[in-house]
Amino acid sequence: MSGQVTIVTGKKNRGGGFVLGGLAWIVGILFVLPVLWMLLTSFHSEEDAAKNPPDLGAPLTLAGYKSFFDTGPWPSIANSLTASILSTALVILLAFPAAYALSIRPVKKWTDVLFFFLSTKMLPVVAGLLPIYLFAQSVGFLDNVWLLIILYTSMNLPIAVWMLRSFLSEVPVEILEAASVDGATLSRTLRSVVAPIVTPGIASAALICFIFSWNELLFARVLTGTVAQTAPVFLTGFVTSQGLFLAKVCAASIVVSLPVLIAGFAAQDKLVQGLSLGAVK
Amino acid sequence: MSVEAKPDTKAAGRHATPPPGSEGTLMRRTGDWARRAPLLPALVFMIIVTQLPFVVTIVVSFMDWNAYYPDERGFAGIDNFRRVITDANTRHAIWVTILLTAGVVLISLVLGLLIALLLDRKFRGRGIVRTMMITPFLVVPVAAALLWKHALYNPTYGLFNGVLKWLFGDNAPQPDWISNQPLWSIIFALVWQWTPFMMLILLAGLQSRPLDVIEAAGIDGANQWEIFRYMTLPHLRQYLELSALLGSIYVVQNFDAVFTITSGGLGTANLPYTIYQTFYTAHDYGRASAAGVIVVIGTIAIATFALRSVSTLFREETGR
């Protein structure tokens, strides 16, 4: 269908199309340029990285990465991985049955429930931060990665519920009826009938929840200390005012962004759906 | 952290069930609970983790509570609110929050629309350009803020001043971008990250246009501008509203960029940063809570208004 339209408009301005295509390329390159610059700088020595005007052809080195890894980032990266992966698993575990109850066999007033989930995303995190801090302090839960896991689960649950619901509503009713005729229990239906059909949807919801958990700074900054600190918190902490550090900062930023870049490119097609909470397909 | 806590489901369930007695109601009630069962864990979890803390925030906002003076804890009435509202810093923070949110959302919305229009056309390497475009959004926000602060804005070795030297030689001006324009520095760093987001939603909107109608209009002699103005733009309206709403929700809460680029200095402290400071550095719990309550009230006001205007898109989605 789109092919036809291209023909209609294309005939009128093929030259214009070439110019606009070129313009799109320029804009794309401008947007990705800071990231490429960060990548290049991360492979320069600190002396070359601090040159002005910059020396593009400076010899490449892994010194920036080495000095970043020398600062001991692994515990914080491990914490980030734990918090992001476990909270994502918990999110899917809670959201999948919930999405079922909001689409395939909907409860009464299911739109209200959906909008309740959505409304929790509208309210600022910072307003609930203090009670959570005080609670965690009183039960000795501060600086514990499980606290982050619970909070990230609540942060991402609405996104996953909305996304999974829109995937589940595409499951053909006949299949479910067949399962219920065969006497399958709910958990069996969910596991063996519904889940395999919507696996791609679950995967992209999981990737997006992973990204948001990995990126989170405010909770992690306030609620963790030396033990449970995450990679973003570690990033904010290791820039010092002394000496040259640009290559190291760039290397660190690349390393910490890598999981998100991978997850994001993998979920590229479903990114819009996740970011718009399922409103846009 | 919603105030729109809706115990509706339970209340509605009770309402809908007729008084007990007959076998039919019993069965229906069991059926109702069987339907609700898969939903309950998620719902209960959300209410406990997001609604309870907010109730506590409201309680603390009426209390005199500073961790540095534990003996003076007590009821404060509306004192905290009065202090928050009359405080010049808070008012400035509110103003910064509005400027920051409006600036980032509007600029990235316009840029996002233009780029979406460019990417809606077929051209060689469209997939690659699309991937390049979304890359900024996939850089961890803290890393992006560090990148802009140190690798781009830095007056001695940042790329911007490096480019100026390339272009104009050794006598080129070498401005200190962040000190000269602290708020704009943050806005531009955020625009870089949020334009891809707006672009993605608007591109999805563009690609859901009824193409046959547009084709017909083209055949009927409508020019490109007329098609854009009278067909594409009205169709995009709800997508524009949706991306503006979602963008606002996220940017209003921005903490990472303000914290990293200026540490709230140079007059760039927005509300989230101010609340963070009141609570984390000053340990004035009562006052931080009052500010939190005010932020929530403001957000609800904006969100109910905005949600109503974009709800058609969500309703369409929910109304399968």
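This is a predicted model: local features need pLDDT of at least 70, side-chain atom pairs count only at pLDDT 80 or more; totals for chains, interfaces and linings use all residues.
Thirteen residues of domain 1 of chain A are in contact with nine residues of domain 2 of chain A.

Next, chain A as a whole. Its secondary structure comes to 15 helices and zero strands. The C-alpha trace spans about 70 × 70 × 35 Å along its principal axes. If we take the contacts in chain A between residues at least 6 apart in sequence, 79% of them join residues at least 24 apart.

Now the annotation. An unreviewed UniProt entry places the feature "transmembrane region" in chain A at residues 18-40, 81-102, 114-133, 145-164, 193-214 and 245-267. I checked two of these spans against the model. Residues 18-40 of chain A are 100% helix and 0% strand, with the end C-alpha atoms 30 Å apart. Residues 193-214 of chain A are 95% helix and 0% strand, and there the end C-alpha atoms lie 31 Å apart.

On to chain B. This chain has 15 helices and two strands. Buried residues make up 42% of its 320 residues. Among contacts in chain B between residues at least 6 apart in sequence, 71% join residues at least 24 apart. For chain B, UniProt, again in an unreviewed entry, lists "transmembrane region" at residues 37-63, 93-119, 131-148, 183-206, 239-265 and 285-307. Two of these spans for the record. Residues 93-119 of chain B are 100% helix and 0% strand, and the end C-alpha atoms lie 37 Å apart. Residues 131-148 of chain B come out at 67% helix and 0% strand, with 21 Å between the end C-alpha atoms.

The nonpolar core comes next. The largest one has 172 residues. The residues with the most contacts inside this core are Ala95(A), Leu148(A), Ala160(A), Val161(A), Leu164(A), Leu200(B) and Ile201(B). Helix α8 of chain A, residues 145-168, supplies the largest share of the core, 17 residues. Domain 1 and domain 2 of chain A each give the core at least three residues. Take Ala95(A) as an example. Leaving out residues up to four places away in sequence, Ala95(A) touches Leu157(A), Ala160(A), Val161(A), Leu164(A) and, in chain B, Ala42(B).

Pro124(A) sits in the loop between α6 (110-122) and α7 (126-138) of chain A. Is Pro124(A) buried or exposed? Pro124(A) is buried, because 21 other C-beta atoms lie within 10 Å, and the threshold is 20 or more. Its C-alpha atom is separated by 29 Å from that of Val35(A), 89 residues away along the chain.

Pro53(A) is in the loop between α3 and α4 of chain A. A cis peptide bond joins Asn52(A) to Pro53(A), with omega about 0°.

Asp143(A) lies in the loop between α7 and α8 of chain A. Asp143(A) counts as partly exposed because it has 15 C-beta neighbours inside 10 Å.

In chain B, His283(B) also has a positive phi, near 55°, in a residue other than glycine. His283(B) is found in the loop between α14 (271-280) and α15 of chain B. With 15 C-beta neighbours inside 10 Å, His283(B) is therefore classed as partly exposed.

Key:
Residues are numbered from 1 along each chain as its sequence is written. Chains are lettered from A and ligands numbered from 1 in the order in which they are written. UniProt positions are given in the numbering used here, feature names are shortened, and annotations may be inferred rather than shown by experiment. Helices (H or I, at least four residues) and strands (E, at least two) are DSSP runs, numbered from the N terminus. Two residues are in contact if their C-beta atoms, placed from the backbone, lie within 7 Å. A nonpolar core is a set of buried Ala, Val, Leu, Ile, Met, Phe, Trp, Tyr and Cys residues joined through C-beta atoms within 7 Å. A residue is buried if 20 or more other C-beta atoms lie within 10 Å of its own, exposed if 12 or fewer, and partly exposed in between; C-beta atoms are placed from the backbone. Domain bounds come from an automatic or database domain assignment.
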